[in-house]
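User: Please go through this structure with me by question and answer. I want the contacts between the chains treated before each chain alone.

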Amino acid sequence: MALPPTIPTSFIPHAASAAPRRFRSDLTGAFAYFAYGVLTIVVMLALGVFSYDRILAASQTAKDKEIKKAQENIDSATVEQFVRLRDRLSESETLLAGHPAFSGFFAALEKILPATVRFSTLRLSQGNAGTATVEGSGIAKSFNALAAASDVFAKDGRIKNAVFSDINVNKDSSVSFALSATLDPGLFAFGIPSPAAANAPLATSSARASPEATQGTAPLP
Amino acid sequence: MNNRILPTLALVVAVGIFFAYVNPTWSGSIAAAKVQIDDDNKALEAARDYEKRQHELASARNAIDPADLTRLVVFLPDSVDNVGLILDLNALTARSGLSLASIDVSADTVSGAGAPASEGLPSSEMDLAGSIDLSLSAIGTYAALQTFLAGVERSARLLDVREIVVNGSDTGVYTYQMTLRLYWLR
């Protein structure tokens, strides 16, 4: 005879429910996996960081040694030699560019100055800005001779701003004068070919020389 | 209950390791070491560049004739040595036919060679060379002056004629006052 399903088959009671307990057990297991997994990762990370730190320290030590060796290879005396040589070359070039050669002026003056005009004093000076000036005094045979000299300077162009002053007519009709002018840099620059210096003496005489006094060197025509 | 304690402890240990060692080490000593290594690499690169440049300069210097280098040192010496120069000038005047009357160092010494001190251009380039002026007076013919001037202008040591004053005489023997500027590398 079949029992109705509502009547229990045994007097031993069944467990209340097996599913919730299994769920709780699974959750604990997952948390354990997660925790151990995190611990494993962190431990591996720590080992990696430790190793990386050691590698970097070793690399830094090696590079420090390399730098020290490179520093030892730098010879300060050699560096100083190079610096001095560079300075010497550059300064020499600069100074040589401004090196004056007044022999070029004298050679040019001998060539262009009329024989009827002579200087008794002459002062050449180079300014700090690379310019040069000439100042002097002299005697010309006549006004025409002085005009010819002025014309020659103007035409030549290298003796610039020539100003004749203190012009006085002497008893013998000669004309004494003073001159101031500036020189073209090409006239006294070193390295620029200048006309060969003549052996004829520059017609200079004493500042207060009379025409007779000048005859000792180059007599006025 | 015990099943939960150990994982929790593991998690706590993991967090502790991370914050007590991994993170401080990464952002501390490792970061500093990386920066230091970068600096070292730059320094080593500079050292390699220096070595390369040194070899280039040495090659360039070796390509210059040693005699030319010697001439360059004579041209712009390391010291003033005005006494030696005065002796040389004395010899030059004698060879030229001039009679040296006096020679002396001018009182005002120019410090910068590239430009006058009065122009007031303070530049290290200009202070590389020092200069002083020598004033001398001599007597002689115009031909002797020409020879002397040519000798000074082509002197092995750089000498600039800054000023010449010529005064004539009745005899064809003139009086000259000159100012010469000599240079040296500081």
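User: How many residue pairs are in polar contact between chain A and chain B?

Analyst: This is a predicted model, in which local features need pLDDT of at least 70, side-chain atom pairs count only at pLDDT 80 or more, and totals for chains, interfaces and linings use all residues. Residues are numbered from 1 along each chain as its sequence is written, chains are lettered from A and ligands numbered from 1 in the order in which they are written, and side-chain values use heavy atoms, with hydrogens and water left out. A polar contact is a pair of N or O atoms within 3.5 Å; within protein, one must be able to donate a hydrogen and the other to accept it, and residues adjacent in sequence count only if both atoms are side-chain atoms. With both residues at pLDDT 80 or more, the count between chain A and chain B is 20 residue pairs.

User: Which element gives the most to the side of chain A that touches chain B?

Analyst: Helices (H or I, at least four residues) and strands (E, at least two) are DSSP runs, numbered from the N terminus. On the side of chain A that touches chain B, two or more residues come from each of helix H1 (19-73), helix H2 (76-97), helix H3 (103-112) and strand S1 (117-126) of chain A. The one that gives the most, with 25 residues, is H1(A).

User: What area do chain A and chain B bury between them?

Analyst: Buried area is the accessible area (1.4 Å probe) that two parts lose on being put together, summed over both. Carbon and sulfur atoms hold 65% of the area here, and the total is about 6,100 Å².

User: Which residue of chain A meets Glu163(B) in a salt bridge?

Analyst: A salt bridge is a side-chain nitrogen of Lys or Arg within 4 Å of a carboxyl oxygen of Asp or Glu. The rule finds three across the interface of chain A and chain B. In one with an N to O distance of 2.4 Å, the side chain of Glu163(B) meets that of Arg123(A).

User: Is Asp133(B) buried or exposed?

Analyst: Asp133(B) lies in strand S2 (residues 129-140) of chain B. Its side chain is joined to that of Arg181(B) by a polar contact of 2.7 Å. Buried means under 20% relative accessible area, exposed over 50%, partly exposed in between (1.4 Å probe, protein chains only). The relative accessible area of Asp133(B) is 8%, so the residue is buried.

User: Why does Leu6(B) count as exposed?

Analyst: Leu6(B) is in helix H1 of chain B. This leucine, Leu6(B), counts as exposed because its relative accessibility is 51%.

User: How many helices and strands does chain B have?

Analyst: From the N terminus on, the elements of chain B run α-α-α-β-β-α-β-β. That chain has 186 residues, and buried residues make up 39% of them. The count for chain B is four helices and four strands.

User: How many helices and strands does chain A have?

Analyst: Along the sequence, chain A follows the pattern α-α-α-β-β-α-β-β-α-α. Of its 221 residues, 34% count as buried. The secondary structure of chain A comes to six helices and four strands.
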